[in-house]
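Please examine the sequence and the three-dimensional model shown here before reading on.

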Amino acid sequence: MDTAHYHKILRLKMIAMTLFFSLVPLFVLGATIYYQFSEAYRSKMTEDARTLVQNRRNSLELFFNERISQLLTVAHAETLDRMKDETYLAKVFNVMQSRSKSFIDIGVIDEEGNHVAYVGPHHDKLKSVNYAGEPWFHEVWSSGVYISDVFLGFRKIPHFIIAVTTTHGNKTWILRATINSEIIEEIVRQARLGKKGDAFIVNSANILQTSTRFSGAILTRSIGPDYSSVVRTTLEQVDLNGNEYLYACAPTSNPKWVLMVKEDIHEQLTPLLKTRYLEGLVLALGVALVIVGTVLTTRSMTNELMRVQREKAATDDLVMQSSKMAALGKMAAGVAHEINNPLQVISEKAGWMHDLLKDEDVQSSPNFQEFQDCIKKIERQVERCRQITHRMLRFGRRMEPTHEVVDVNHVLKETIAFLANEALHRDIEIEVDFGDDIPRLTTDASQLQQVFLNILDNAIDAVGNFGKIQVRSGVNSSRGSELFVEIVDNGPGMPKEMAKRIFDPFFTTKSPGQGTGLGLSISHSIVEKLGGNIEVDSVQGRGTTFTIRFPTGSLP
């Protein structure tokens with residue numbers, strides 16, 4: 001059975017089973033749908049009440065915080081001597097009023113409680129008042145910022161105040177303002193819903209701080225349950241005189257008030273009663289939606305299954321290729337290790353022959369100089385072989401990151417030397433520009449070399465014969481002292497759409513059979529594992545630039 005036929009049969013089976021187990025419960029659900037919808041609607045009503053009371057509470061706290069900030073700004077910016085001047089105080093008050101009409105009056109009170117300056121509509125009553133005996137006077141001295149409950153005070157009308165203290169030099173004084181309570185009333189009124197809904201504020205003694213519809217007069221005890229001591233948002237259903245109400249309560253932090261929203265549940269559930277007439281239509285639509293939804297969902301699931309299977313196949317190929325590369329690296333390391341033994345013997349014998357040439361009879365030979373040159377060439381080639389096997393051993397080490405202090409320039413030089421013969425054979429110029437002041441990294445030199453080797457190898461393939469490759473390193477101080485390595489080639493470049501996929505597994509720009517599409521994907525993975533990032537910038541017809549960046553820190 002081919003894959004397409006298998007997925008078609010699987011899709012049909014899933015549709016049949018889903019429809020069976022969906023439609024049977026749907027018809028049973030018809031008998032109880034009203035109850036379920038009722039519960040959902042009640043839950044939504046409760047959540048809406050919670051959101052409403054919290055939003056109104058937040059608006060109140062924002063209002064209070066803005067007024068406090070205004071008073072503190074004025075108090076810290078002015079001195080007591082200037083603020084005693086009621087003409088100057090009037091100018092300050094006018095500036096405050098131009099930004100907000102929240103303040104009714106403003107006054108300055110000294111340490112003894114004397115009202116030394118006042119601007120407002122009750123100048124005759126309040127100018128000579130001493131507040132030393134008032135409770136709020138002592139509260140503001142102890143807390144620095146004080147918002148009062150609503151009270152009658154000397155003016156004998158309900159109001160509340162905000163007072164702040166400040167010190168200039170050796171003088172401490174209070175800036176006190178009366179707040180327009182109508183603004184608070186307006187914020188609270190916006191929470192009243194329906195004809196029987198109510199919203200109001202109580203203080204910690206359950207005394208009303210705002211006017212209400214049905215819960216009592218301002219500055220009297222609230223009619224109904226007492227929620228004045230709640231410390232978090234609270235919702236509760238209460239039966240009052242045969243009517244069911246929902247109370248939503250939210251405390252404010254400063255002042256210690258509680259905002260209460262009262263809703264008539266029957267009034268709020270009126271839309272729910274209409275749903276019973278739509279039940280038959282809902283069932284019919286439900287059947288249609290189940291069928292359409294089942295078909296669409298099943299198709300989406302099977303498509304996703306096919307996509308996952310394709311990705312799994314690609315991942316399996318990547319794992320297999322990685323295993324082969326790891327095995328190849330181990331084999332290369334083993335071969336390099338074995339080659340080192342005969343190289344050691346050759347080196348020793350060359351040294352012994354060099355000692356023999358010091359014999360007088362040999363020195364008199366007409367071929368003495370040629371013998372010496374040959375021995376030196378043997379020693380040079382042995383040393384060259386040792387360097388090659390050393391690089392192979394380093395490249396074939398395990399892939400897990402190791403911690404070592406690495407000179408990036410040295411790794412680059414070693415990698416370029418590894419590819420020097422191929423570049424020379426193809427007349428490719430490799431130009432280097434290494435920064436002198438770049439810091440050393442604590443990273444894995446072997447894996448770093450593999451990244452450089454993959455990118456340089458791709459650059460050599462891209463430029464072809466007589467091309468040019470530039471390798472630069474340095475520190476980018478504008479990006480937080482970031483170490484960077486740039487590898488630039490003057491090859492054909494690539495379109496932007498192709499550059500976006502350059503790090504995808506098995507994606508290659510080379511001809512079929514000439515590349516696996518894994519080198520840059522593995523390099524990208526290694527750089528991220530080492531805590532850096534790699535970017536590509538390519539312009540078609542002008543070449544490609546790979547930029548590798550590392551923070552000047554440690555291996556992650």
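The model is predicted: local features need pLDDT of at least 70 and side-chain atom pairs count only at pLDDT 80 or more, while totals for chains, interfaces and linings use all residues. Residues are numbered from 1 along each chain as its sequence is written, and side-chain values use heavy atoms, without hydrogens and water.

Helix 7 spans residues 181-189, and its buried residues are Ile 184, Glu 185, Ile 187 and Val 188 (buried means under 20% relative accessible area, exposed over 50%, partly exposed in between, with a 1.4 Å probe and protein chains only). Viewed down the axis of helix 7, these buried residues fall within an arc of 160°, so they line one face of the helix; the arc is that of the directions from the helix axis to the C-beta atoms. Their cover includes helix 2 (33-77), strand 4 (160-168), strand 6 (198-202) and strand 9 (258-264). Helices (H or I, at least four residues) and strands (E, at least two) are DSSP runs, numbered from the N terminus.

Helix 14 (residues 445-463) and helix 16 (residues 519-529) have axes that come within 9 Å and cross at roughly 145°, where axes are lines fitted to C-alpha atoms, for helices over the stretch in contact, and angles run from 0 to 180 degrees between N-to-C directions.

Glu 244 lies in strand 8 (residues 243-251) and, at 34% relative accessibility, counts as partly exposed. Glu 244 and Glu 263 are 19 residues apart in sequence and 8.7 Å apart in space, C-alpha to C-alpha.

Key: Contact = heavy atoms within 4.5 Å.
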